[in-house]
Every structure is written in C-alpha cells, then in structure tokens.
Amino acid sequence: MPGRDIDYDRPTLIGCGRCDVRWTALTAAHCPTCHETFVGCTGFDAHRDSGHCLPPGDAGLCADGGYWRRPDERAPGRLLTIPRQIANAPFVRPA
C-alpha cells in the first residue's frame, strides 16, 4: 500500500475518550474511574482498594511526567493533554 511505511514511524497515540489525556506507552494503565494514568498495571492495582480508587500518593506512588509510578519504575515519557473539540453546530455528513 502506498504510504503505509510512513505510518509505522509515528508513535501510537492512545487515549481514554472520556478525558483529555493521551499517551504513547503501550504498557501504561489508565483508570476509567479517576482518570489517573500509571506506568503499569502494578501501580494501577495499588491504587484500587475494594473496588474504589485511592489517591495515588496515598497508595505509595510517585508522580513523574503525568504518570504515577512505584519507586522502582521509570516513566515511559510524558503524558499529552489534548483538549477535545466541542462542536458548536451539529455535524452534517455530505451526501
């Protein structure tokens, strides 16, 4: 396919869809309840207690570039905040 090789040079941008945060780390874990993003699933699991979110700092996690991480982990980069576009007029698909 023409142009397909170019697409592989771009990082994959992943987002929640319910908040403005986007990231590129495939190992990151984002909480759909409190919308905090963690370096991995161990940090995510540490912030959950009996089905409820704990503040990540209270769970022993450190803030690093927008991610929450355990002391023995490294953040895989920085989080991006991309405001969602709010349409003032309804979208009409051309016929």
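This is a predicted model: local features need pLDDT of at least 70, side-chain atom pairs count only at pLDDT 80 or more; totals for chains, interfaces and linings use all residues.
A search of the whole structure finds three of them. I will take the pairs in turn, with the accessibility of each partner.

Start with Arg 69. Its salt-bridge partner is Asp 64, and the closest N and O atoms lie 2.9 Å apart. Is Arg 69 buried or exposed? At 17% relative accessibility, Arg 69 counts as buried. Asp 64 has a relative accessible area of 29%, which makes this residue partly exposed.

Next, Arg 70. The side chain of Arg 70 meets that of Asp 72 in a salt bridge, at 3.3 Å from N to O. Arg 70 comes out at 29% relative accessibility and counts as partly exposed. Asp 72 is exposed, at 60%.

Which residue forms a salt bridge with Arg 70 at 3.7 Å? That is Glu 73, the distance again being between the closest N and O atoms. The cut-off is 4 Å, so a pair at 3.7 Å still counts as a salt bridge. Glu 73 is buried, with a relative accessibility of 17%.

Now put the Arg 70 contacts together. Arg 70, Asp 72 and Glu 73 are linked in a network of salt bridges.

To recap: the search gives three salt bridges. One joins Arg 69 to Asp 64, and Arg 70 pairs with Asp 72 and with Glu 73.

Technical notes:
Residues are numbered from 1 along each chain as its sequence is written. Side-chain values use heavy atoms; hydrogens and water are left out. Buried means under 20% relative accessible area, exposed over 50%, partly exposed in between (1.4 Å probe, protein chains only).
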